[in-house]
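These are my notebook entries on a structure that I had not examined before. I set down what I looked up, one topic at a time.

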Amino acid sequence: MEDFKVSFPLYLDVERNLYRKFGLRRMLKASFNLAIFIYYADAVMAGRGDRMAYSGDDLTVMGGDFIVDSSGKLIFAHPSKEQYDRPYVAKLLEALRQYQSA
């Protein structure tokens with residue numbers, strides 16, 4: 001965890017317990033299709049190949065982005081529909097702003 005160098009707690013879900021509770025799953029079809037190959041080819045051509053999967057990664061695991069407050073309340077959920085389906089940072093920040101103003 002020290003590799004992340006952040007000033008807030010992170011939850012490392014090695015056993016994928018939260019992964020399952022959030023309804024995330026493995027999807028072969030969403031992981032290996034023409035759109036995915038084009039996306040990663042573009043990333044390599046743009047010099048972003050170092051951000052791609054690491055050796056040993058399960059490429060069929062569908063991720064997501066979630067924000068959970070200190071009491072465990074889920075305040076933002078975005079389960080990915082495809083490997084590259086991620087919310088914009090602005091959307092995450094807006095969710096945090098709305099939460100803080102509530």
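**Entry 1: Surface patch**

I looked for nonpolar surface and found a patch of about 260 Å² made by Val6, Phe8 and Leu10. I note that the model is a predicted one. I placed leucine 10 in the segment that comes before helix H1 (17-21). Leucine 10 counts as partly exposed because its relative accessibility is 39%, which lies between the limits of 20% for buried and 50% for exposed.

**Entry 2: Aromatic rings**

How many aromatic pairs does the rule give? I recorded one aromatic pair. Phenylalanine 22 and phenylalanine 66 form this pair, which is stacked, with 4.1 Å from centre to centre and 15 degrees between the planes. I then traced where the two partners sit: phenylalanine 22 is in the loop between H1 and helix H2 (28-31), and phenylalanine 66 is in strand E1 (residues 64-68). The pair thus links distant parts of the chain, 44 residues apart.

**Entry 3: Strands**

I turned to strand E1, which pairs with strand E2 (residues 74-79) in the antiparallel sense over five bridges. Which residue in E2 is the bridge partner of aspartate 65? I identified histidine 78. The hairpin of E1 and E2 has five residues between the strands, and in this hairpin glycine 72 takes a positive phi near 95 degrees.

Technical notes: Residues are numbered from 1 along each chain as its sequence is written. This is a predicted model: local features need pLDDT of at least 70, side-chain atom pairs count only at pLDDT 80 or more; totals for chains, interfaces and linings use all residues. Side-chain values use heavy atoms; hydrogens and water are left out. Patches are made of residues with over 30% relative accessible area and no salt bridge: like charges are joined within 9 Å, nonpolar side chains (Val, Leu, Ile, Met, Phe, Trp, Tyr) within 5 Å. Accessible areas come from the Shrake-Rupley method with a 1.4 Å probe; for residues, only the protein chains shown count as cover. A salt bridge is a side-chain nitrogen of Lys or Arg within 4 Å of a carboxyl oxygen of Asp or Glu. Helices (H or I, at least four residues) and strands (E, at least two) are DSSP runs, numbered from the N terminus. Buried means under 20% relative accessible area, exposed over 50%, partly exposed in between (1.4 Å probe, protein chains only). Rings of Phe, Tyr and Trp (its six-membered ring) pair if their centres lie within 6.5 Å; planes under 30 degrees apart count as stacked, over 60 as edge-to-face and the rest as tilted. Two strands pair if DSSP finds at least two bridges between them.
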